Amino acid sequence: MKGTVLLGALGVAGLAVGAAAAGTLDDVQARGKLNCGVSEGMVGFAASDANDNWSGFDVGICRAVAAAVLGDPSAVTFIPTSNKIRFTALASGQIDVLARNTTWTFSRDVDQQFDFAGINYYDGQGFLVPKALGVSSAKELNGRTLCVQVGTTTELNVMDYFRKNNMEYTTVPIDTVADAQTRYLAGECEIYSSDASQLAAIRATFENPKDHVVLPEIISKEPLGPLVRHGDNHWGDIVRWTLNALIAAEEYGVTSANVEELSAGTDSPEINRLLGATGSLGEMLGLNADWAKQAIMAGGNYGELFEKNIGQNTPVGLSRGLNAQWIDGGLLYSPPFR
């Protein structure tokens, strides 16, 4: 499978330290391409067409990083990664950043030695069921069959939830999202559990999406975000502040349509610093002064990326919810650009 790598005697942590020591920014600039790990195909987040043209919310994050570093949002090689190989691909240096539905957890941060650059989607685990099943709550799922990806935090969350509510279930183990969709639609399992955003993306691909419902219960916190290897703090800063630039741009009203005009200078000191009209933020990162401007031009600010790819007017149909700006009642905000 494309993107697959093999581990030798070194563990994931050992690979991460060795790969990071090389200096990821230098590697990307010498290569002239950003190698970005994405999902194997999730509508709205990362999917390719017949001509291998990639689009989606996570794809937009990759393109923003490429634009910030290389000045070219198209200078990206997208590498599909499964749950099984995503961390190995990052640790070995096959990819420079992993931008797919990956939850920030203690063990992934500390034990597996990856640095999460921030949170680009506040998610939580839910349940997808056929409407014909006649249930309206996850607490009515006792004795049902359930498709879940084995060896994941998703599986552990399901175990905890059913145990806590004195319910039983039969596991139908699946390896990939495509496998889950096939088995679920074939009736091999009555329930599919995963991140609610993923359930919405899968449901959008069904022939009759309205015949399936995502139950209201959210049973976990799943903060998703791009991650890099431990040990290369400079590269981590670049990815982190590129994401922050997209978030801040939405709050400040900087869009793909007006960023060119605003980059000439405004009455807002923070916008001026963000877009490189004043200050030396780009120099601090080892990038051009207009790095954030290039990132925003690549696909728009955070809100533009959200609405275009997974918002309520798309087949995925997600509301902003917790992913709204803090000034609009959500959890989203960037540290100051100063």
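Mentor: What follows is a conversation about ring pairs, disulfides and a surface patch.

Mentor: This is a predicted model, in which local features need pLDDT of at least 70 and side-chain atom pairs count only at pLDDT 80 or more, while totals for chains, interfaces and linings use all residues. Residues are numbered from 1 along each chain as its sequence is written, and side-chain values use heavy atoms, with hydrogens and water left out.

Trainee: How many aromatic pairs does a search of the whole structure find, and why is the pair of Phe127 and Tyr161 called tilted?

Mentor: The search finds 16 aromatic pairs. Rings of Phe, Tyr and Trp (its six-membered ring) pair if their centres lie within 6.5 Å, and planes under 30 degrees apart count as stacked, over 60 as edge-to-face and the rest as tilted. The centres of Phe127 and Tyr161 are 5.8 Å apart and their planes stand at 45°, so this pair is tilted. Phe127 belongs to strand 8 (residues 125-130) and Tyr161 to helix 6 (residues 153-164), 34 residues apart; helices (H or I, at least four residues) and strands (E, at least two) are DSSP runs, numbered from the N terminus.

Trainee: What makes Phe127 and Tyr161 buried or exposed?

Mentor: Buried means under 20% relative accessible area, exposed over 50%, and partly exposed in between (1.4 Å probe, protein chains only). Phe127 has 0%, so Phe127 is buried, and Tyr161 has 11%, so Tyr161 is buried as well.

Trainee: Why is the pair of Tyr184 and Phe206 called stacked?

Mentor: The ring centres of Tyr184 and Phe206 are 5.9 Å apart and the planes are at 15°, so the pair is stacked. Tyr184 sits in helix 7 (residues 177-185), and Phe206 sits in the loop between helix 8 (196-204) and strand 12 (212-214).

Trainee: How do you know that Arg320 lies over the face of Phe306?

Mentor: A charge sits over a ring if NZ of Lys or CZ of Arg is within 6 Å of the ring centre and within 35 degrees of the ring normal. Arg320 lies over the face of Phe306 at 5.1 Å from the ring centre, and ring pairs also link Phe306 with Phe45, Phe57, Tyr121 and Tyr302 into a cluster.

Trainee: What makes the link of Cys36 to Cys62 a disulfide?

Mentor: A disulfide is a pair of cysteine sulfur atoms within 2.5 Å. For Cys36 and Cys62 the S to S distance is 2.0 Å, and by this rule the count comes to two disulfides. Cys36 lies in strand 1 (residues 34-38) and Cys62 in helix 3 (residues 57-70), so the pair ties together parts that are 26 residues apart in sequence. Cys36 has a relative accessible area of 0% and is therefore buried, and Cys62, at 1%, counts as buried too.

Trainee: Which cysteine does a disulfide join to Cys147?

Mentor: Cys147 is joined to Cys189, with S to S 2.1 Å. This link is left-handed, with -100° about the S-S bond. Cys147 is at 0% relative accessibility, so Cys147 counts as buried, and Cys189, at 2%, counts as buried also.
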